[in-house]
Amino acid sequence: MTLAAFLRERSLLVLALLLALLVGIITVVRPGTVTPDWIANTLLFAVPLGLMAGGETLLLLAGGIDLSVASVASGAAYLLSSNAAPLGTTLAVLLGLAAGLLVGLLNGVGVAIFRVQPLVMTLGTGLMAQGALVVYSQKIIGQEQLVPRAVATLGSGKFAGLVPYALFLWLPLALLLILGLRRSGFGRLLYAVGDNEAACRLSGVRVWRVLLAAYAACGLLAAVAGIVLVGTTNAADLSLANVYLLPAIAAAIIGGTSIFGGRGGYGGTIVGALFLTVLDSLLTLLNAPEPVKQMLYGGVILALAAAYTRLTD
Amino acid sequence: MTRPGRLLRRHAALLVMPMLVALFLAATVAIHPAFGAFDVQSLALGALPLALAAAAQTVVVLSGGIDLSVGSLMAVANVVAARTMQHAGFGQSLGLAALIVLGGAASGAVNGAVLVASRVPDVVVTLAAGFIWGGIALLILEQPGGGAPDAFLNLGAGTLFDGLVPNALVLLIVVVAAIWLPVRSSRLGLTLYAIGSDRTAAFRSGVAVERTRFLAYVVGGVFSAVGGLALTMTTGIGSPLAGTYYTLSGLAAVVVGGVSLTGGRGGMTGPMFAAYILTLIPTDLIFLNIDPNFGQVIQGTLIVLVVMGGGLATLLRQRP
């Protein structure tokens, strides 16, 4: 087996090695940083990114993309924290999730039924959601903002002081996504639609149902991510999750999911999300100024994407 | 198919967009009778950076690509202008502006070269490039500041003929015509549309696909740089983050302006009118005493409705 073929077969392994390399660099640069505590925190910070990137993975596999995930996540977080006091925790959480599902369904209707390009549709709904959120926040100005205890525990608490509670949410969801994509009919259909939509249609697949379900799932995952995030930061603001939009797409792409659809999986996305989180924490450790951080971030995404394209072409 | 029908479909944007702008303007005057020359001037000035961002995006989208780094490139041009022109004279500032436009072409060339060499999809390359150019803008100017000579700002902010014609409108028409008309009527324009509508067919007909894609980004870079200069004229200063807004809203103007995101279909005029409409909406809302934050909701809804309407039309046409 040639080296290229080996890398192609085991691209996930290569990314995992790169991740290990980053952790190695951190131990060399700042010895004593990598402790069980640091690992727990890194995993915790990776959860919202991993969840949003999960939604993007589903859509990229089916040949779509979602630019509204950040607005949805911020919206779910804000709805939750501003309604927790009057409605109670459970209802407020459900309200946040429902908002995510609603935007996801709207995206799905536009893309699957009206055949709108996903980029434009989700750009539009993202603007709508963000604007509606600003208007809503001014309507309820002065109302008590409250992050319920349960949500704060989920977003920042650790079981036995070591394992973040958020992992108990992420791991089952991740397993569900990985197995669902590999084993379920719906999962296979996502790959099929992304690979060749016309062929799917001709073989009797109701493509619109597959796409609608995928967009709804993506909206829901983004809302869950927003809820975990507000638990971590303990305060919702209108642009809480905005910084996650591009990293979420980037995590899926450097995890080996093709932007053209039909190729990739959630396993790679998880490694991609961890990679970006560790990279971020390395750059923070090095006291890299924000602009430099941003440039390195872009450079790494570009380099990894280029490497993948070379390998898979 | 009848000839008028085909003409209408081909030039739908040319007919519908001016009517829409007129409608919006009429509505604005109806809502706010005091709407006068000064308001027209601020409308033209406000729409200038957006229209140029849309122009940059249009060139790339017509070629079948998409540029998510337009806003960051505008920010770079904006901060470079504000930093270098602060103590410059008018003549000097014009020279600097020319250099910045050249720089814009070079930056677009970098985007295009990386894109063609790496064979990574446009979305990913320009997404990453957006991070990088944004970082560079922050390195050049950390906080909003700097400035430019009044005479230079006046190129966009001033008026002609006793305040009747806003400079910003003249500037937009001159710049877009000077850059786009030669491109459109040359071989490059033809190949641009060709690779946008069917890349394989264009390749087989002997079009240099990669070179055309590269050149589309170069022209886009020029428009982005002029957009950054326009941002300086609008705000009077440089701000490293001001540009980011224009990536997505420029794309919105392109879509509302009737350019197909799959490439090869549409023109430059539609997005220009769309930029005026998208600028008028928040103004109207302020006149109507409606929370201007609804502007974003309406912008989003407008994008969604326009594209859904387009999708519906295609569906109906396909049905026997």
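The model is predicted, so local features need pLDDT of at least 70 and side-chain atom pairs count only at pLDDT 80 or more, while totals for chains, interfaces and linings use all residues. Residues are numbered from 1 along each chain as its sequence is written, chains are lettered from A and ligands numbered from 1 in the order in which they are written, and side-chain values use heavy atoms, with hydrogens and water left out.

Start where the chains meet. On chain A, 40 residues are in contact with 42 residues of chain B; contact means heavy atoms within 4.5 Å. The size of an interface is often given as the accessible area lost when the parts come together. Here the buried area is about 3,600 Å², and carbon and sulfur atoms give 81% of it. Buried area is the accessible area (1.4 Å probe) that two parts lose on being put together, summed over both.

Across this interface of chain A and chain B, the rule finds zero salt bridges. A salt bridge is a side-chain nitrogen of Lys or Arg within 4 Å of a carboxyl oxygen of Asp or Glu. One residue pair is in polar contact across the interface, with both residues at pLDDT 80 or more. A polar contact is a pair of N or O atoms within 3.5 Å; within protein, one must be able to donate a hydrogen and the other to accept it, and residues adjacent in sequence count only if both atoms are side-chain atoms.

Four helices of chain A each supply at least two residues to the side that touches chain B: H5 (89-113), H6 (118-139), H12 (245-254) and H14 (290-312). H6(A) gives the most, with 14 residues. Helices (H or I, at least four residues) and strands (E, at least two) are DSSP runs, numbered from the N terminus.

Over all chains, the count of salt bridges comes to four. In one of them, A:Arg201 pairs with A:Glu197, with the closest N and O atoms 2.6 Å apart. Both residues lie in helix H10 (residues 197-202) of chain A, four residues apart, about one turn of the helix. A:Arg201 is partly exposed at 43% relative accessibility. A:Glu197 is partly exposed too, at 25%. Buried means under 20% relative accessible area, exposed over 50%, partly exposed in between (1.4 Å probe, protein chains only).

In chain B, B:Glu210 and B:Arg213 form a salt bridge at 3.7 Å, N to O. They are three residues apart in helix H11, so about one helical turn separates them. B:Glu210 is partly exposed, with a relative accessible area of 36%, whereas B:Arg213 is buried at 10%. B:Arg213 also forms a salt bridge with B:Asp122, the closest N and O atoms being 3.0 Å apart. That pair links distant parts of the chain: B:Arg213 is in H11(B), B:Asp122 is in helix H6 (residues 122-140) of chain B, and 91 residues separate them.

Now the cysteines. The count of disulfides over all chains is zero; the rule asks for a pair of cysteine sulfur atoms within 2.5 Å. The sulfur of A:Cys200 has its closest cysteine sulfur in A:Cys218, 20 Å away, so the two are too far apart for a bond. A:Cys200 is buried at 5% relative accessible area, and A:Cys218 is buried at 1%.

Finish at helix H9 (residues 187-197) of chain B. Its buried residues include B:Leu188, B:Leu192 and B:Ile195. The buried residues of H9(B) pack against helices H3 (37-62), H8 (167-185), H10 (199-204) and H11 (209-235) of chain B. At the start of H9(B), a side-chain oxygen of B:Ser186 reaches to within 3.2 Å of the backbone nitrogen of B:Leu188.
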